[in-house]
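Here is a short report on one protein model. Please look over the sequence and the coordinates first, then read on.

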Amino acid sequence: MTENTANCTHEIMMKRAIDEATNAAIRGEVPIGAILIDNGTGEILSQNSNRTIEKNDPTAHAEILCIREACEKAKSQRIPNTTLYVTLEPCTMCAAAIAFARIDHIVIGANDPKGGGVLHGAKFFDSPTCHHKIKITDDILEQDCSSILKNFFKERRK
């Protein structure tokens with residue numbers, strides 16, 4: 001796959017993750033969306049958005065819900081050969097789950113200098129306790145991903 005094709009695929013999948021984030025905003029959840037795909041087939045294994053309020057579960061982040069669903073389908077705690085698209089840089093909890101699930105590649109829309117755990121903060125994948133190395137691609141449709149969050153919180157402050 002050439003880089004141009006990869007960028008096209010990244011944008012298509014990130015747009016789907018943005019759709020999930022939009023659904024979360026409509027439900028009053030923090031608008032973060034995620035899509036998990038099989039690297040071999042391109043098949044979407046799971047897609048979801050934040051549901052912490054709906055499920056009364058602080059761990060019900062979009063990434064965690066995608067991982068849970070894909071692992072359940074695979075009947076395995078590990079889902080290698082997959083790529084996770086997420087509209088906002090995952091927090092440290094989600095980064096740990098991504099590593100434990102053995103996801104190969106994460107594609108991030110907007111960076112999160114305040115709460116991120118991949119490129120900022122704990123930088124989980126750089127930690128000596130992380131036994132899984134992962135490919136990271138960031139800034140895919142960054143403006144679209146960050147604007148949905150900014151608009152959501154702007155409306156909350158009114």
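## Helix H4

Helices are DSSP runs of H or I with at least four residues, strands are E runs with at least two, and both are numbered from the N terminus.

The buried residues of H4 are Cys145, Ser146, Ile148, Leu149 and Phe152. Seen down the axis of H4, these buried residues fall within an arc of 155 degrees, so they line one face of the helix. The arc is that of the directions from the helix axis to the C-beta atoms. Exposed residues sit on the face turned away from the buried side: Gln143, Lys150, Lys154 and Arg157. Buried means under 20% relative accessible area, exposed means over 50%, and partly exposed lies in between (1.4 Å probe, protein chains only).

## Basis of the model

This is a predicted model, in which local features need pLDDT of at least 70 and side-chain atom pairs count only at pLDDT 80 or more, while totals for chains, interfaces and linings use all residues. Residues are numbered from 1 along each chain as its sequence is written, and side-chain values use heavy atoms, with hydrogens and water left out.

## Overall fold

The protein has four helices and five strands. From the N terminus on, the elements run α-β-β-α-β-α-β-β-α. The C-alpha trace spans about 45 × 35 × 30 Å along its principal axes.

With 158 residues, a compact globule would have a radius of gyration near 15 Å; the protein has 15 Å, which agrees. That radius is taken over C-alpha atoms, and the globule rule is 2.2 Å times the number of residues to the power 0.38. Of the 158 residues, 49% count as buried. Among contacts between residues at least 6 apart in sequence, 58% join residues at least 24 apart. Contact means heavy atoms within 4.5 Å. The protein exposes about 8,200 Å², and carbon and sulfur atoms supply 52% of it. Accessible areas come from the Shrake-Rupley method with a 1.4 Å probe; for residues, only the protein chains shown count as cover.

## Helix H2 and its end

H2 has 13 residues, which at 1.5 Å a residue should span 18 Å; its end C-alpha atoms are 18 Å apart, which agrees. Its buried residues are Ala62, Glu63, Ile64, Leu65, Cys66, Ile67, Ala70 and Cys71. What covers them includes strand E1 (33–38), E2, E3 and helix H3 (92–101).

Lysine 75 follows H2 and has a positive phi, near 55 degrees. This lysine is in the loop between H2 and strand E3 (82–88). Lysine 75 is exposed, with a relative accessible area of 68%.

## The loop between E2 and H2

Which residues does aspartate 57 touch, not counting residues up to four places away in sequence? Aspartate 57 touches Thr52 and Arg68. It lies in the loop between strand E2 (44–49) and helix H2 (62–74). At 19% relative accessibility, aspartate 57 counts as buried.

Asparagine 56 lies in the loop between E2 and H2 too. At 69% relative accessibility, asparagine 56 counts as exposed. Its phi is near 50 degrees, a positive value in a residue other than glycine.

## Alanine 24

Alanine 24 is found in helix H1 (residues 3–26). At 0% relative accessibility, it counts as buried. Its C-alpha atom is separated by 6.1 Å from that of asparagine 50, 26 residues apart along the chain. Not counting residues up to four places away in sequence, alanine 24 touches Glu29, Val30, Pro31, Ile32, Ser49 and Asn50.

## Aromatic pairs

Rings of Phe, Tyr and Trp (its six-membered ring) pair if their centres lie within 6.5 Å; planes under 30 degrees apart count as stacked, over 60 as edge-to-face and the rest as tilted. By this rule the count comes to two aromatic pairs. Phenylalanine 124 and phenylalanine 125 form an edge-to-face pair, 6.0 Å centre to centre with 80 degrees between the planes.

Phenylalanine 152 counts as buried at 7% relative accessibility, whereas phenylalanine 153 counts as partly exposed at 33%.

Methods. The expected span of a helix is 1.5 Å times one less than its number of residues.
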